[in-house]
Amino acid sequence: MDVNIHESWKPYLEEEFNKPYFSDLAKFVKSEYKSHECFPPGNQIFNAFNHCHFNDCRVVIIGQDPYHGPKQANGLCFSVNNGVSHPPSLINIFKEIETDLGIPYPKSGNLLRWADQGVLLLNATLTVRAHQAGSHQKRGWEVFTDAVIKTISNRKENVVFLLWGGYAKKKVKLIDESKHKVFTSGHPSPLSANRGYWFGNMAFSKTNEWLKSQGQKSINW
């Protein structure tokens with residue numbers, strides 16, 4: 001696995017790349033991509049970091065696994081490529097933005113437009129085998145992405161962390177809340193959303209209000 005990650009992250013994550021767990025993880029990922037269909041494409045595994053550079057990172061959204069259907073995953077959590085139909089969680093995210101901010105529902109589910117504004121769309125596991133959700137969990141990715149969250153918490157200030165659902169909420173222990181802002185809610189998946197844990201959380205307007213209160217530009221969601 002080639003670690004094609006933007007230069008801005010390297011000084012902070014170089015140490016992780018040199019640890020034994022990461023070398024084992026890289027071997028595992030390489031062998032999986034060689035012997036199975038896996039997502040996202042190899043050159044997009046670190047897309048989240050390549051579109052949201054370290055110095056620009058102002059918001060972090062944490063997902064769990066990449067989408068495991070063909071042509072969906074593009075290295076950003078909850079995002080799909082242009083022209084791909086929107087998965088249920090993404091539909092609910094866009095519906096919430098519609099009611100929260102009055103923004104029309106978008107045609108494209110590609111969230112690169114968020115990443116380019118400083119939103120790190122970080123899955124806890126960065127790769128997956130086709131049609132097998134969770135197939136690359138507990139192989140080292142979570143150790144790496146936890147280190148990313150801790151690094152942002154330690155080395156930056158005034159970042160908004162959006163933790164949606166039980167899995168993401170557990171990451172709060174990695175974040176220094178005296179320096180950063182955390183907003184939590186249920187997960188946007190239909191299971192949680194239809195039980196009243198997602199809609200009305202106003203995460204997007206709250207994030208923008210908080211960024212503005214810190215003298216930062218709001219995100220064009």
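The side chains of Glu16 and Lys19 meet in a salt bridge, with N and O 2.9 Å apart. A salt bridge here is a side-chain nitrogen of Lys or Arg within 4 Å of a carboxyl oxygen of Asp or Glu. The model is predicted: local features need pLDDT of at least 70, side-chain atom pairs count only at pLDDT 80 or more, and totals for chains, interfaces and linings use all residues. Residues are numbered from 1 along each chain as its sequence is written, and side-chain values use heavy atoms, with hydrogens and water left out.

Glu16 is buried, at 10% relative accessible area. Lys19 is partly exposed, at 30%. Buried means under 20% relative accessible area, exposed over 50%, and partly exposed in between (1.4 Å probe, protein chains only). The whole structure holds 4 salt bridges. Another of them joins Glu7 to Lys10, with the closest N and O atoms 3.0 Å apart. Glu7 is exposed, at 54%, and Lys10 is partly exposed, at 24%.

Asp146 and Lys171 also form a salt bridge, at 2.7 Å between the closest N and O atoms. This pair links distant parts of the chain, 25 residues apart: Asp146 lies in helix H6 (residues 141–155), and Lys171 in the loop between helix H7 (165–169) and E6. Lys171 is buried, at 8% relative accessible area. Helices (H or I, at least four residues) and strands (E, at least two) are DSSP runs, numbered from the N terminus.

Strand E2 (residues 59–63) runs parallel to E3, joined by 5 bridges. Strands count as paired if DSSP finds at least two bridges between them. Gly63 has Asn123 as its bridge partner in E3. E2 also pairs with E5 in the parallel sense, over 3 bridges. There, Ile61 is partnered by Leu162. E5 in turn is joined to strand E6 (residues 181–185) by 5 bridges, again parallel. Leu163 has Thr184 as its partner in E6.

Strand E3 (residues 119–123) is mostly covered, with 5 of its 5 residues buried. Val119, Leu121 and Asn123 point one way, and Leu120 and Leu122 the other. Strand E5 (residues 160–164) also has 5 of its 5 residues buried. Val160, Leu162 and Trp164 point one way, and Phe161 and Leu163 the other. In a regular strand the side chains alternate between the two faces of the sheet.

Helix H9 (residues 203–213) has buried residues including Phe204, Trp210 and Leu211. The buried residues of H9 pack against E2, helix H4 (88–101), helix H5 (112–115), E5 and E6, where contact means heavy atoms within 4.5 Å. Just after H9, Gly215 takes a positive phi of about 80°.
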